[in-house]
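Hi everyone, thanks for making the time. I'd like to walk you through one part of a structure that may be new to you.

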Amino acid sequence: MKNVVQQNERSKKQSLSILTLLISVLTINLFLCTNYKQAEEPEISIEKDSTVVHYPFGIDTSLFRVAEYTIKSGDNIGGIFNRLGFAASRVDSICKAASGVLDPTKLRAGMHYMTFSNQESPEKIAYIAFAKSQTDYAVIDLGRDSIVAYEYNKPVTYKRHYAEGTLNTSLWNVLKASGANPLLALKISDVFAWQIDFFDIKNGDSFEVIYDVAYIDDTTALHVASIEGAIFKHQGKEYTAIPFTQDSIFEYFDAEGNSLRKAFLKAPLDFFRITSRFTNSRFHPVLKRYRAHHGVDYAAPVGMPVKSIGAGTVIAKGYESGGGNYIKVKHNSIYTTSYMHLSKFAKDIQIGSHVQQGQEIGYVGSTGLSTGPHLDFRVYKNGQPIDPLTMEAPPSLPVKPELTDSFLVIKQQVFAEIETFRKYYLGGRSRYGEKPADSS
C-alpha cells in the first residue's frame with residue numbers, strides 16, 4: 001500500500017511539473033531558502049503567540065498538565081498503571097479497553113508514555129498516550145463514562161535537502177562530515193548500483209544529490225525518504241539519476257532516458273520446479289533438523305544448464321561440504337548471487353571471469369548435502385540474503401516515446417533544482433567547511 005501511495009504522489013508531482021517550471025527563478029530561490037534550510041544561516045527571532053493551541057493526539061494540551069515517562073527494565077503494564085495511582089479494578093478495565101491498540105508484550109525499556117492530567121487536580125488523569133514507534137501511539141481516553149482507546153499516527157512531512165562532496169574517503173564518511181545523514185550513502189549506492197562499483201571509488205570522484213527527508217513534528221528527522229535527483233562523477237565520467245514513473249513503475253533514468261537498473265532474469269534455469277522456498281525454518285532432508293534456508297531450490301535434471309541471472313564477475317568457485325560445487329557472481333556493489341549443488345562448471349569459468357546475463361556458468365547436479373538433482377539459488381543484497389522470488393527486478397526499459405516530453409520536463413526541473421542548491425550553498429557544508437574562492 002505504501003508503494004502505491006508513493007507512486008500516486010510521484011504521478012501527481014509529474015503532472016504538476018510543467019506548471020512548476022513556469023515559476024520564476026526568484027520564486028524558486030525564495031522557496032528553497034525558506035523551506036529547505038540546511039546550511040548555516042543567521043538566526044531569526046520569532047515572537048511566539050501564547051494563544052496558539054496545540055492538539056497532539058487530538059488533545060487540547062492547553063487544558064491539561066502533561067508529564068512524560070520512560071519505561072524502565074522490568075516494567076509491565078499493570079505496574080505502570082499502579083504507579084499512576086489507579087486501583088486494581090481500574091487497571092483491569094483500562095487493560096481490557098486498550099487491548100485492541102496496545103499490546104503489553106511489545107512494551108520495551110526506553111519507550112515513552114505521557115499522561116494528561118487535570119490542571120487543578122493533577123491526580124486525575126484524563127488521557128494516557130503510549131509511544132509504539134516514533135510515529136504511532138496508543139491513546140487511552142479516561143475522561144468519558146466508558147474508557148475509549150484509539151490509535152494515533154503523527155503526521156509525516158517531507159523536506160527537500162541537498163548534499164554534495166568530493167571524495168577522498170568513503171562516501172559514508174564524506175556525507176557524515178558534511179552534516180548529512182550517512183545512511184544517504186546506501187540510497188545513493190542503490191540508485192547507481194549498476195553504473196558504479198562503490199568499493200572502487202577513486203579520489204576526486206564527486207556527487208551532488210537532492211533528496212527528501214521524512215520529519216515528524218516538523219523538526220525531528222525520521223529517515224531519508226527518497227533520492228529526487230543526483231549527479232555522480234566517477235573516474236571522469238558523469239552519471240545522472242532522474243526519477244520518473246511510467247506504467248505505474250517508479251524508476252531512475254539517465255539524461256538520455258535509459259533506465260539505470262538492469263533487469264535480472266526471473267530464474268537461472270529455463271525449465272524447473274520449485275521444491276523449497278526462502279524461509280527461516282525448513283526441515284533439512286539430510287540433517288533431519290530445522291534450520292534457515294535462505295534460497296530457492298529448483299528441481300531439474302542433472303546436466304541442465306544453469307545461467308547467471310545478470311552480468312557480473314565470478315568471485316568464488318569451488319566445493320563445500322553443504323553446497324557441493326558452487327559459484328558466486330557479484331553483479332555490482334549491491335547484488336551477489338550464489339548457485340549450489342552443481343554437477344560441474346561451465347568451460348572457462350574461473351574466479352575473476354566476467355559473465356553476461358543468461359550465460360551458462362554450470363550444470364544442475366546433486367553434490368554436497370542433497371537428496372536429488374536440484375539447484376540451490378541464493379541472492380544477497382548488501383551482504384544479506386533476500387528472497388529471490390520477491391526481490392525487485394524492474395525492467396530496464398527506456399522512457400517511452402510518448403512520455404519523452406514529460407520526462408524532459410522532470411529532467412529540466414531536477415537540473416534546475418540542483419543548480420539552485422549549488423549556487424545557494426556554494427559547497428560550504430559538504431566540503432568540510434571550505435568556501436569556494438568566488439563566494440559571490
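Which elements do the buried residues of α7 pack against? They pack against β6, α6 (171-178), β7, β8, β9 and β10. Contact here means heavy atoms within 4.5 Å, and buried means under 20% relative accessible area, with exposed over 50% and partly exposed in between, using a 1.4 Å probe and protein chains only.

A quick word on the source: this is a predicted model, where local features need pLDDT of at least 70, side-chain atom pairs count only at pLDDT 80 or more, and totals for chains, interfaces and linings use all residues. Residues are numbered from 1 along each chain as its sequence is written, and side-chain values use heavy atoms, leaving out hydrogens and water. Helices (H or I, at least four residues) and strands (E, at least two) are DSSP runs, numbered from the N terminus.

Let's start with the sheet. It is open and has 5 strands, in the order β6-β7-β8-β9-β10, with antiparallel pairing; strands pair if DSSP finds at least two bridges between them. β6 (156-166) and β10 (249-253) are the edge strands with a single partner each, so one side of each has no neighbour in the sheet. From one strand to the next, the twist averages 25°. In the pairing of β8 (residues 220-234) with β9 (residues 237-246) there are 5 bridges, and Ala-230 stands opposite Ala-241 in β9.

Helix α7 (residues 184-191) packs on this sheet, and its direction makes about 45° with that of β8. Axes are lines fitted to C-alpha atoms, for helices over the stretch in contact, and angles run from 0 to 180 degrees between N-to-C directions.

Which residues of α7 are buried? They are Leu-184, Ala-185, Ile-188, Ser-189 and Val-191. Down the helix axis they fall within an arc of 160°, so they line one face of α7; the arc is that of the directions from the axis to the C-beta atoms.

Now its helix neighbour: α6 and α7 pack at about 135°, with axes 9 Å apart. On the α6 side the contact involves Leu-171, Trp-172 and Leu-175, and on the α7 side Leu-184, Ala-185 and Ile-188.

Leaving aside residues up to four places away in sequence, Phe-415 touches Ile-231, Thr-240 and Ile-242. Phe-415 and Thr-240 are 175 residues apart along the chain, with C-alpha atoms separated by 9.7 Å.
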